[in-house]
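My notes follow in the order in which I checked things.

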Amino acid sequence: MHSSSPQGFLVHHGRAGIKDARPDFAVIASEVYAATSAVFTRSRFAGPSVQISREAVADRIARGVVVLSGNANVATGAGGRQDAEEIRRQVAEAIGADPNDVLIASTGLIGHRYPMPLVRRHVASLRWPFPGADFDAAAIAIMTTDTQPKIRRARCGGATLVGIAKGVGMMEPDMATLLTFFCTDAEVGPVVLDDIFRRVMDRTFNALSIDTDTSTSDTAAVFANGLAGPVDLMEFERTLGAIALDLVKDIARDGEGATKLIEVRVTGARDVAQAKRVAKAVVNSPLVKTAVHGADPNWGRVAMAVGKCQDDLDIAPERVTIGFGGQEVYPGSPGPEELARVAEHLKQAEVGLRVDLGAGPHSAAEFTAYGCDLTEGYVRLNADYST
């Protein structure tokens, strides 16, 4: 077992044949029951995996999750649901769990059922207990178009937290083409864990956008089996939030075709909801994203994006401030030197945009959104995705 893995979690990873020779199948399981919280896509085309897992976490207790990568098993009718239920049932039997205590998650091409003969053969090879807790291998097995695995670890008191994630496109929460799973041996009650997890997701993964498209398969879950004992809950939330944000930034940097991470911080808003709308309008704008890619200091595109929030009648241009990095560009008319500093900032691997809405001295509402630039690589990858 990895020295920085939480106690009581075991991992299976392997190749079921969904993605030819690449790893495409993982099971993460706790040896004991774990407090569990999960959030999912709100897509009207949510796949069977999402539907089944929603039911499984209703009691906030689970043993683990099985993940299939390379096939979303979405829009596959009653047969697709039966396939997902069969896989979950067989994995549950393998680890000695009730099927209702196992989540299932899928990611990949929409409109195709699992290659069940191959998957059945692989599931039949499972032997419990699994030989270790190789979360790094699990992070590889859940990838689709990701160019690198995404995993983060941290300590909280005497407990360990580990998080893995995948996703680089079809990214507009709620939530994204996203799978992310967190495991910890901290002792946190199910109700408290659910509250903490939802707050963390709101300010991390639900602040992420790659291309405005919402996936059918998004699943984020946390499992806390309590084997390390109690922890300070405020510290736990900070630690979970920190590794979740690191994973969000890893995803944004690895966005399909991406070359730059974009952070858009909106301050001085009427409330957090308004700050989030404006931040998302900016980070999702194709014109802003292409300007960042080309290091074009066209700050007017940011003003345009803010202006798209047409229902926010209290946004007044004369109170708005716009900046790139440490350089303010609006109000006023930036000269050649100021624009050169903006262009230099836009050449960096991480680009920071700042918008203050000037709602007044008593307003402290803010929100930061995360995304990436828009490149020719994104178009090429998605033009040929299924072929």
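Is S53 buried or exposed? I find S53 buried, because its relative accessible area is 0%, where buried means under 20%, exposed over 50% and partly exposed in between, with a 1.4 Å probe and protein chains only. Before going on I note that this is a predicted model, in which local features need pLDDT of at least 70 and side-chain atom pairs count only at pLDDT 80 or more, while totals for chains, interfaces and linings use all residues. I also note that residues are numbered from 1 along each chain as its sequence is written, and that side-chain values use heavy atoms, with hydrogens and water left out.

**Entry 1, helix α1.** I placed S53 in helix α1, where helices (H or I, at least four residues) and strands (E, at least two) are DSSP runs numbered from the N terminus. Leaving aside its neighbours within four places in sequence, S53 is in contact (heavy atoms within 4.5 Å) with F40, L103 and I104. I then looked along the helix and listed P48, S49, V50, I52, S53 and A56 as buried in α1. The cover over these buried residues of α1 includes β2 (25-40), β3 (61-71), α2, β4 (102-109) and β8 (219-230).

I looked up the axes of α1 (residues 48-56) and α2 (residues 77-95), which come within 9 Å and cross at roughly 50°; axes are lines fitted to C-alpha atoms, for helices over the stretch in contact, and angles run from 0 to 180 degrees between N-to-C directions. The two helices α1 and α2 are therefore oblique to each other, given that angles under 35 degrees count as roughly parallel, over 145 as roughly antiparallel, 65 to 115 as roughly perpendicular and the rest as oblique. From α1, the residues P48, Q51, I52, E55 and A56 meet G80, R81, A84, E85 and R88 of α2. Sorted by class, this contact of α1 with α2 has four nonpolar, two polar and four charged residues; Ala, Val, Leu, Ile, Met, Phe, Trp, Tyr, Cys and Pro count as nonpolar, Asp, Glu, Lys and Arg as charged, and the others, Gly among them, as polar.

For α2 and helix α3 (residues 116-124) I noted axes that come within 10 Å and cross at roughly 10°, which makes α2 roughly parallel to α3. Here D83, E86, I87, Q90 and V91 in α2 meet M116, V119, R120 and V123 in α3, and the residues of this contact divide into five nonpolar, one polar and three charged.

I turned to S69, which lies in strand β3 and counts as buried because its relative accessibility is 0%. The C-alpha atoms of S69 and I142 are separated by 5.3 Å, although the two residues are 73 residues apart along the chain.

**Entry 5, the five-stranded sheet.** I traced an open sheet of five strands in the order β11-β10-β12-β9-β13, with mixed pairing; two strands pair if DSSP finds at least two bridges between them. The edges are β11 (327-330) and β13 (365-372), each with a single partner strand, so one side of each has no neighbour in the sheet. Within the sheet, β9 (residues 261-269) and β12 (residues 350-356) pair in the parallel sense over seven bridges, and L261 stands opposite E350 in β12. By contrast, β10 (residues 321-324) and β11 pair in the antiparallel sense over three bridges, forming a hairpin with two residues between them, where G325 in the turn has a positive phi of about 60°. Helix α6 (residues 233-253) lies across β9, β12 and β13 and runs at about 40° to β13, while helix α7 (residues 272-284) lies across β9, β12 and β13 at about 25° to β13.

Which residues does a cis peptide bond with omega of about 0° join? I found W128 and P129, with P129 in the loop between α3 and α4 (135-141). Another cis peptide bond joins Y330 and P331, with omega about 5°. I also noted A75, whose phi is near 60°, a positive value in a residue other than glycine; A75 is partly exposed, because its relative accessible area is 48%. A295 likewise has a positive phi, about 55°, although it is not a glycine, and A295 counts as buried at 15% relative accessibility.
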